[in-house]
Amino acid sequence: MKILVIAVLLISFYPASAVTVEYSVQNWDEAPPVSEAKAPLAIDFWQVSPVVILAVMLTLISPVFILPAKIIIAGMGMLSLNFRRVEKKTVLDHELRGRIYDYIVRNPGVCFTEIEKNLSVNRGTLEYHLRTLRREHRIAVLIRKRRGFYFENSGRYSRDEMEMLAALRNDTDYIICEYLLQCPGSSRNDIASIIRTTCSTASWHMKRLSDSGVVFPSKEGRVVSYHLSCSAEKVLEDLRGEKAA
């Protein structure tokens, strides 16, 4: 106990700082900082808060003080940053986060880069808000070949519909599907002509759409024709109706 008393007295009389250090604090209840990150700088002993020094010394004296020291340091951090947890009922109160959510609702299956581009939002800020929306179960994400496609998490779309909507986000695939909706049973050559590409490229697109369950091939002799699945027809008609509106 004598060592502890001496340590407290020394800290009490030791000058808190030998130099004036300029700093700024930004509340975390708004968007996270988007400025360029800076490498941390080493500080001198006298610039460390006396309370932090006391907490460290307590842990060195006895392991019993480790938990109280953690509580002290954590409490200081929460107070200094004006920490406030985002709750489910207030998650959409943030203006930018609300716009991101509305954009996802209006564009089911939208990918990260499209949101970033069309809303002109910083990548790091977008990652933060999407993570918050997912944590509060406002949105769902479908991962296809290392790409994320976002949907409102309201039970509106089944897994198959999400797969189809993600596939239809590609402009070329959308053109192919619209064509098949009007001309079911078209061949690979017909599709290659519509999208103005080679037959091999058309085959690549059709394989992707077949793997996603959007189209299914049928073979008569040597000729392969393609049809939209029933679910894909419904999804495509809904998309056309939303675009017309």
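**Helix, sheets and a pocket**

Colleague: Which residues of α6 are buried?

Modeller: T125, L126, Y128, H129, L130, T132 and L133 of α6 are buried, where buried means under 20% relative accessible area, exposed over 50% and partly exposed in between, with a 1.4 Å probe and protein chains only. This is a predicted model in which local features need pLDDT of at least 70 and side-chain atom pairs pLDDT 80 or more, while totals for chains, interfaces and linings use all residues. Residues are numbered from 1 along each chain as its sequence is written, and side-chain values use heavy atoms, without hydrogens and water.

Colleague: What covers those buried residues of α6?

Modeller: The cover includes the helices α4 (95-106) and α5 (112-118), together with the strands β2 (139-144) and β3. Contact here means heavy atoms within 4.5 Å. Helices (H or I, at least four residues) and strands (E, at least two) are DSSP runs, numbered from the N terminus.

Colleague: Why does the span of α6 agree with its number of residues?

Modeller: Helix α6 (residues 123-135) has 13 residues, which at 1.5 Å a residue should span 18 Å, and its end C-alpha atoms are 18 Å apart, so the two agree. The expected span is 1.5 Å times one less than the number of residues.

Colleague: What is the strand order in the sheet that holds β3?

Modeller: The order is β1-β3-β2, in an open sheet of three strands with antiparallel pairing. At the edges are β1 (110-111) and β2, each of which pairs on one side only. Pairing requires that DSSP find at least two bridges between the strands.

Colleague: How many bridges join β1 to β3?

Modeller: Two bridges join these antiparallel strands. V110 has Y150, in β3, as its bridge partner.

Colleague: What about the sheet with β4: which strands does that one contain?

Modeller: That open sheet has three strands in the order β4-β6-β5, again with antiparallel pairing. Both β4 (186-187) and β5 stand at the edges with a single partner strand, so one side of each is left without a neighbour in the sheet.

Colleague: Are S120 and R196 buried or exposed?

Modeller: S120 is exposed, with a relative accessible area of 67%, and R196 is exposed at 78%.

Colleague: Changing topic, what volume does the second largest pocket have?

Modeller: Its volume is about 330 Å³. A pocket is an open set of 1 Å grid points where a 1.4 Å probe fits, with protein on both sides within 12 Å along at least five of seven lines; lining residues have an atom within 4 Å of a point. The volume is the space filled by probe spheres set on the points.

Colleague: Which residues lie nearest the centre of that pocket?

Modeller: Of the 15 lining residues, R144, R147, F149, A166 and R208 lie nearest the centre. The lining divides into four nonpolar, two polar and nine charged residues, with Asp, Glu, Lys and Arg counted as charged. β3 (147-152), α7 (159-168) and α10 (199-211) each supply at least two lining residues, and the largest share, three residues, comes from α7.
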